[in-house]
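Please look over the sequence and the structure before reading on.

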Amino acid sequence: MISAQQIANELSETPPASAVSLQMSVDNYLDVIRGVIDLFANKKDMDVIYVTATISSDAIKRVLEALDIDSSRVYFVDCISHIMMGVQSARQDEHTTLVESPTMLENLMLKVEYLIRRSQSKNKLVVIDSINSLAIHNNNWILSEFLHILVSGLRSREAYTIILSVEEHSTPDINNMVNLVCDHGIHAGKKHEG
């Protein structure tokens, strides 16, 4: 499997405003997080906008803390906590914005746009975690349109975009959808070994 440092090295070779498809395995999720957030974004002094549709932002914050990764410049758009834990338990703070459901793609896009505009950093990174989870809640045509508009908007603002996908849950339709909007692809899953 590809290491966290190799992921960061490949990302560093992409120019600003790039959209990157990063296909991973469930087994190397932590390496991907370390490579993207710690070894790539933090080293390049980036603000990170992390869109989570798979696990809650609280769980990802705990992962970052356990890996001893500085998360002071990571801002979450959390579209899974509200439907999984309900209004009372889902926590929103200055680093976390909640979206009621992964089906509310327009709202998700507006939150990302707001955080991009609010950022004082010259370098910005948007991470979509993951396209597979968004595909569970949305039909492919709507999701494809969302990706096209989101990535085009982020390119115009010189922001990096990384779209995570889990190879065990991917389909040819999802792969084609992501490949249509991405400039580069990194395979960090088990199939990479072959």
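A residue counts as buried when its relative accessible area is under 20%. By that cut-off Cys-182, at 13% relative accessibility, is buried. The model is predicted, with a mean pLDDT of 92 for the protein.

**Confidence**
- In the protein, 96% of the residues reach a pLDDT of 70 or more.
- Helix H4 (residues 81–89) has the lowest confidence, at a mean of 74, while strand S2 (residues 47–52) has the highest, at 98.

**Cysteines**
- The whole structure contains 0 disulfides.
- A disulfide needs two cysteine sulfur atoms within 2.5 Å; the closest cysteine sulfur to that of Cys-79 is in Cys-182, 17 Å away, which is too far for a bond.
- Cys-79 has 0% relative accessibility and therefore counts as buried.

**Aromatic pairs**
- A search of the whole structure gives 2 aromatic pairs.
- In one of them, the ring centres of Phe-40 and Tyr-160 are 5.3 Å apart with the planes at 90°, so this pair is edge-to-face.
- Phe-40 belongs to helix H2 (residues 29–42) and Tyr-160 to strand S6 (residues 160–166), so that the pair links distant parts of the chain, 120 residues apart.
- Phe-40 and Tyr-160 are both buried.
- The rings of Tyr-50 and Phe-76 form a tilted pair, because their planes are at 55° with the centres 5.6 Å apart.
- Tyr-50 is in strand S2 and Phe-76 in strand S3 (residues 74–78), so this pair ties together parts 26 residues apart in sequence.
- Tyr-50 is buried, as is Phe-76.

Methods:
Residues numbered from 1 in each chain as written. Predicted model: local features only at pLDDT ≥ 70, side-chain atom pairs only at ≥ 80, totals over all residues. Heavy atoms only, no water. Buried < 20%, exposed > 50% of the residue type's maximum accessible area, 1.4 Å probe, protein only. pLDDT = per-residue confidence, 0-100. Helix = DSSP H or I, 4+ residues; strand = E, 2+ residues; numbered from the N terminus. Phe/Tyr/Trp six-rings, centres within 6.5 Å; stacked < 30°, edge-to-face > 60°.
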